[in-house]
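Please keep the sequence and the structure in view while reading.

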Amino acid sequence: MQYFDVIIVFVVIAFILVSLYKEIMGAAFTFFVAVMILGIFKILTPTEILAGFANEQIAVIIMLLLLGDAIRQTSVIEIFFSRIFPVSSTYRSFLGRMMLWVGGFSAFLNNTPLVAVMMPYVHQWSKRNGVSSSKLLIPLSYAAILGGCVTLIGTSTNLIVGGMVNDQDIIPDMQPLEMFDFFWVGFPMLVIGFLYLYFFSYRLLPDRSTAIDDFQESERKYLVEAEVRRNSKLIGKTLKEADLNGKYGLLLVEIIRGKQTLQILKDSFVLREGDLLRFAGDNTNVASLLSENSDLTVPSVGMMSKLKRSQIVEIVISHNSSLITKQIKEIYFRGRYDSALLAIHRNGERIRGAIEEVKLKAGDVLLLLAGESFTSHIQNQIDFYVISRVKELRKPERYKIWVLFGGTLLAIFLSAIKLVPLFLGLLIVLALINLLRVVSAKDLPKSIDYNLGVIIALSLALGTAMMKTGVADMIANFVISIFLPLGRISLLVGIYLITSVLAAYITNKASVAILFPISITAAKNLGLDPMPFVLVVSFAAAANFLTPIGYQTNLMVYGPGGYNFKDFFKIGFPLTVIYMVVTVAVLSYIYF
């Protein structure tokens with residue numbers, strides 16, 4: 001019966017590898033079927049299958065994802081990034097600043113929302129400076145990966161390994177992984193990876209038009225008016241010094257000063273307070289005028305700019321609208337629709353005169369700043385239709401930022417110095433942000449990645465089956481027989497290579513599920529410290545640069561960057577080799 005169980009486990013492992021590589025079914029369902037088979041053949045008991053769902057590290061991962069999404073909802077990171085990146089002017093300065101901040105944040109926050117928040121800034125900067133975004137998106141993803149490998153909580157892969165260490169009973173007295181057990185490899189590689197990407201990414205990455213670049217070229221152009229506000233930094237600057245196109249990504253069409261309309265503008269033209277600037281640009285760049293660090297104001301917005309929560313929407317005037325032939329100033333958007341007009345587009349037609357005096361036509365597309373009651377105000381009306389919701393704007397109160405951001409960092413710090421368990425600290429922060437209504441309690445659960453939780457819990461069950469049937473022991477001895485004759489270091493290299501290849505083509509969570517029990521069993525059979533064998537699996541799975549499918553942030557930039565598999569391999573293979581060499585060297589020095 002024991003041999004039959006071994007065969008079943010090998011078949012299940014083969015099924016997981018083939019299913020994930022061929023994308024026969026989703027990762028979560030693949031693990032579900034695999035563990036179900038192990039349960040049907042009584043290799044795993046129901047208790048063993050469900051044990052993973054009670055693992056503390058899974059709860060920690062879910063809570064970190066919830067807090068990461070809460071930080072994204074409050075726009076804290078977005079506000080921070082908006083203050084940092086517009087001032088960068090050269091490719092290298094932008095690249096360096098981007099990797100520095102994203103890598104630093106990724107060590108303590110979930111890297112997926114960080115990449116999602118940063119991607120619009122990459123596209124905007126690329127468009128303004130004539131650099132293809134394909135030169136920046138892979139470094140963005142790699143910076144997030146490099147930063148995530150510095151701490152236990154930096155990436156879900158490290159936390160999964162931490163959970164497996166707590167659950168395993170092969171080495172009963174093994175100490176759990178601590179916050180900075182990953183630091184001695186992760187931090188040097190963060191620095192080395194930064195230098196590698198800083199000096200070589202421009203040469204190794206393609207220079208091609210991306211899908212987003214092509215879309216933005218064909219996007220509708222809006223006409224928007226903005227005023228040089230009081231105490232603006234633009235006052236007294238020439239147009240060349242102000243670099244309005246570079247800062248906002250908008251084309252300056254004309255300037256209205258008093259009763260004069262100036263259309264022929266020289267670089268030496270000096271801006272004054274109260275100058276009304278008329279720009280043409282797409283919806284996202286128009287939205288940049290509303291940022292807190294903007295030196296311009298949109299007069300039509302008025303006090304709506306002070307709203308704690310608003311959104312920018314695109315609407316189109318219907319053919320039977322009562323607004324047709326009316327001047328914009330006659331409509332009173334604020335009282336009628338809880339909104340304010342930002343910009344107007346008329347199918348490529350040049351709009352002359354002040355925007356407030358424009359008479360609307362059927363088919364006009366308007367960009368509105370909408371308040372919270374906008375949706376209820378437009379119900380059952382046929383004057384216009386909402387085309388899209390461009391962007392949500394939030395202006396959180398400072399105490400909410402301190403509670404959320406400061407509380408999360410405090411919980412991590414207290415865990416690092418072993419005063420308060422991370423699970424308890426994060427639980428308290430979540431309770432506080434709900435009690436203080438920092439974010440909507442109804443919206444927060446929507447950010448839970450249930451598939452991730454299922455994959456992790458069931459991967460723990462797979463590990464249990466491999467250890468219980470002796471499969472882990474068999475594979476471990478086979479790996480030892482191949483690599484150990486060349487020395488202990490070569491054994492770590494072998495485990496790293498196998499884990500890295502599996503992670504690149506079947507996802508890092510699956511590779512950890514299969515290699516962890518093998519690696520720790522190898523350490524036990526050789527009578528060696530298990531820590532380097534545990535960490536080498538974690539680093540090899542998490543530091544995934546070879547393919548776009550190996551890590552979630554790689555997949556996020558794959559399509560928008562217009563990349564193919566060769567692009568990732570070309571820049572990722574040298575970085576993978578460097579990471580392996582540094583990992584094995586540092587772990588060997590510390591533990592052997």
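Asn231 lies in the loop between strand 1 (222-228) and helix 12 (239-242) of this model, which is a predicted one. With a relative accessibility of 65%, Asn231 counts as exposed, because that value is over 50%. The backbone of Asn231 has a positive phi of about 65°, although the residue is not a glycine.

Asp338 sits in the loop between helix 16 (333-337) and strand 7 (339-345). Is Asp338 buried or exposed? Its relative accessibility is 11%, and because buried means under 20%, Asp338 counts as buried. The side chain of Asp338 makes a polar contact of 2.7 Å with the side chain of Ser373. Beyond the neighbours within four places in sequence, the residues in contact with Asp338 include Leu369, Ala370, Gly371, Glu372, Ser373 and Phe374, and Met304, Phe333 and His377 are also in contact with Asp338.

Although Ile264 and Glu254 are 10 residues apart in sequence, their C-alpha atoms are 7.5 Å apart in space. Leu250, in the loop between helix 13 (244-248) and strand 2 (251-257), has a relative accessibility of 0% and counts as buried. Which residues does Leu250 touch, not counting residues up to four places away in sequence? They are Leu244, Asn245, Phe279, Ala280, Gly281, Asn285, Val286 and Leu289. Between the C-alpha atoms of Leu250 and Lys221, which are 29 residues apart along the chain, the separation is 9.6 Å.

Residues placed within strands and helices come next. Val224 belongs to strand 1 and, at 0% relative accessibility, counts as buried. Not counting residues up to four places away in sequence, Val224 touches Leu277, Arg278, Phe279, Val286, Leu289, Leu342, Ala343 and Ile355. Leu296 lies in strand 5 (residues 296-297) and is buried, with a relative accessible area of 3%. Leaving aside neighbours within four places in sequence, Leu296 is in contact with Ala226, Glu227, Val228, Arg229, Leu234, Tyr248, Leu277, Phe279 and Leu289.

Ser538 is found in helix 24 (residues 531-542) and counts as buried at 0% relative accessibility. Apart from residues up to four places away in sequence, this serine touches Thr157, Asn158, Val161 and Phe182.

The table sets out C-alpha separations for four pairs of residues.

| Residue pair | Separation along the chain | C-alpha to C-alpha distance |
|---|---|---|
| Ile264 and Glu254 | 10 residues | 7.5 Å |
| Leu250 and Lys221 | 29 residues | 9.6 Å |
| Leu296 and Gly363 | 67 residues | 29 Å |
| Val224 and Asp383 | 159 residues | 22 Å |

Turning to the chain as a whole, the protein has 26 helices and 9 strands. Its radius of gyration is 28 Å, close to the 25 Å that the globule rule gives for 592 residues, so the protein is as compact as a globular protein of that length. Taken along the principal axes, the box filled by the C-alpha atoms is roughly 90 × 50 × 45 Å.

How much of the protein counts as buried? Of the 592 residues, 54% do. Among the contacts that join residues at least 6 apart in sequence, 79% are between residues at least 24 apart. The accessible surface comes to about 26300 Å², and carbon and sulfur atoms account for 61% of that area. As for charge, the protein carries 52 positive and 43 negative charges, whose mean positions are 6 Å apart.

Conventions:
Residues numbered from 1 in each chain as written. Predicted model: local features only at pLDDT ≥ 70, side-chain atom pairs only at ≥ 80, totals over all residues. Heavy atoms only, no water. Helix = DSSP H or I, 4+ residues; strand = E, 2+ residues; numbered from the N terminus. Rg over C-alpha atoms; globule rule 2.2 N^0.38 Å. Buried < 20%, exposed > 50% of the residue type's maximum accessible area, 1.4 Å probe, protein only. Contact = heavy atoms within 4.5 Å. Areas by Shrake-Rupley, 256 points an atom, 1.4 Å probe, with all protein chains shown as cover. Lys, Arg positive; Asp, Glu negative; His and termini not counted. Charge placed at Lys NZ, Arg CZ, Asp CG, Glu CD. Polar contact = N/O pair within 3.5 Å; in protein donor to acceptor, adjacent residues only side chain to side chain.
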